[in-house]
Amino acid sequence: MADNKSHLPPEIVEIILSNLSVKCLYRFKSVSKSWNTIIRDPVFIQNHIQKSKHSNSHNLFLTRAMSSTSSIRFSVVEFDDEKFQTLPVVIEAPFGCGLVLCFCDGILLLTNRSYQRLVLWNPSTRTAEKLWHRNGCSKASFGLCRDPNTDDFKVVVADWYHYSVYSCKKKSWIMMKKEYEIEYTGLGFNPRSTSPKGVCVDGVSYWVWSRPTTVTKIVYYDPRDDKFKFLRLPENVDRCKIIYLVNVRGSLGMYCNFCKVQIWTKENGVSSKELIRVEYKMPFWFSLKLCSVRNKIVFHENKDRLIIYNPCEK
Amino acid sequence: MAAETGTPTTLTLKSNDDELFSVAESAAILSVTIRNMVEDGCAGGVIPLDNVDGKTLASVITYMNGISAIPADEEKKKSYRDKFLSDKDFETLADMVLAANYLNMSCLMDAVSAKIAQVMEKKSVGWVRRKFGIENDYTPEEEAAVKEEHKWTFEGVETDDDN
């Protein structure tokens, strides 16, 4: 057995470890003190997060699991070979909060029916943080964003006439404003449907803001300067149409699918405000949901049918 | 360049246990270490590779020849790497990661370290200690505390008796 031992230098061990899953890394903290030190190192953690983002493994989804007991559980679904497969993993929702409000970089914002008890949850590490809001926010819009300069996660709760922001670094609500600084935003109390869910792209949270009588706009919250801003819509969009936002491989995508599907994506960096149209039209007459997996775009056409589109192949 | 003269240049590599290998220069320069030697004009005679044994070097050369025969198609290269590493055991992979590091071959380095990680994914803490030759420096109390903290990560781990 002694001959089998391989004495790999620490820098190579670190490279190997950076390929492991979070679950596996947490287990191997028990290997030795030096391994624990490597795995806990903030630089190692940052590298691991970056590596996971750039790896082509964006094919795992969380879904509410059917459970016979009263507890709320999630199961993990893998998308591979053009179909979904449920993995043998069941994760219990933290603090009984099973409603997903929004997500950003693997972190989910959850709540229960009260809309007052909010939980930030990282399913990869099975860690959760409770935060209570002063009011019930059942009509508010929620968003999660990450300030790239300070690496601070922020929770944005935008209600009709006020909004509040929670900073994870400061572990407190850093803002409770009665008014919006830009023209009346009023993200909360959206009469068309339930309030829009924030879509997090590149650390910024975006919402579609629409009224039946007025035009559709895209509002975003920039965590760098803590301000709400508007994003200009592309030129030739029918402004009365319902639009949806989506994170397409780390860029903001926008689509509307009334009779035909049109997808636009925006180049990264908040400074570029133009949405650039990169795709085509497809003749579909169904209401589609869309997400991107690896280099493909997956349309979820109610129930079981999926349409997969590979932009490289057309 | 070799292609212009019509006869491909061949290099002779020597392992640390004195085995000699011939390899086409065009394949060998996948190693930045070897490429630097060639560029510095030190590749005229035999290139000694003091940190790589014959068995590992033979394997690395198989890889060099295989991967350089594939045209620029990342998908095909990836499937070649997967196939090349699929039957290697942990000890071989550990030797190869050291060789890839010494030879400065980033594509092989990335592939082998990812493969080792894949092998480790469901292994126990004891398996890792044995294979990496690591001494457990925790006291029993400390170890129990670390394990308790991340109890859920021990679900679905393979039993320990395999190699």
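**Figure 1. Salt bridge across the interface of chain B and chain A.** In this predicted model, one salt bridge (a side-chain nitrogen of Lys or Arg within 4 Å of a carboxyl oxygen of Asp or Glu) is found across the interface of chain B and chain A. The pair consists of Glu142(B) and Lys33(A), with an N to O distance of 3.4 Å. Lys33(A) belongs to helix α3 (residues 33-40) of chain A, and Glu142(B) to helix α9 of chain B; helices are DSSP runs of H or I with at least four residues, numbered from the N terminus. Lys33(A) counts as partly exposed because its relative accessibility is 35%, and Glu142(B) is likewise classed as partly exposed, at 32%. Here buried means under 20% relative accessible area, exposed over 50%, and partly exposed in between (1.4 Å probe, protein chains only).

Residues are numbered from 1 along each chain as its sequence is written, and chains are lettered from A and ligands numbered from 1 in the order in which they are written. Local features need pLDDT of at least 70 and side-chain atom pairs count only at pLDDT 80 or more, while totals for chains, interfaces and linings use all residues; side-chain values use heavy atoms, with hydrogens and water left out.

**Figure 2. The contact of chain B with chain A.** Chain B contributes 38 residues and chain A 31 residues to the contact (heavy atoms within 4.5 Å). About 3000 Å² is buried between the two chains, 66% of it from carbon and sulfur atoms; buried area is the accessible area (1.4 Å probe) lost when two parts are put together, summed over both. The interface holds 13 residue pairs in polar contact, both residues at pLDDT 80 or more. A polar contact is a pair of N or O atoms within 3.5 Å; within protein, one must be able to donate a hydrogen and the other to accept it, and residues adjacent in sequence count only if both atoms are side-chain atoms. On the side of chain B that touches chain A, the elements giving two or more residues are α6, α7, α8 (125-132) and α9 (140-149) of chain B.

**Figure 3. The two domains of chain B.** Chain B is divided into domain 1 (2-120) and domain 2 (125-154), with bounds from an automatic or database domain assignment. Their C-alpha centres lie 35 Å apart. Five residues of domain 1 are in contact with four residues of domain 2. The domains of chain B bury about 380 Å² between them, with 81% on carbon and sulfur atoms. In domain 1, Phe90(B), Glu91(B) and Met120(B) lose the most area to domain 2, together 89% of what that side buries.

**Figure 4. Salt bridge between the domains of chain B.** One salt bridge is counted between domain 1 and domain 2 of chain B. Glu91(B) pairs with Lys131(B), their closest N and O atoms being 2.9 Å apart. The partners lie in helix α6 and helix α8 of chain B, respectively, 40 residues apart. Glu91(B) counts as buried at 18% relative accessibility, and Lys131(B) is buried at 6%.

Figure 5. Glu143(B) forms a salt bridge with Arg129(B), the closest N and O atoms being 3.1 Å apart. The pair links helix α9 to helix α8 of chain B, across 14 residues. Glu143(B) is buried, at 14% relative accessibility, as is Arg129(B), at 15%. Salt bridges with shared partners join Arg129(B), Glu143(B) and Lys147(B) into one network.
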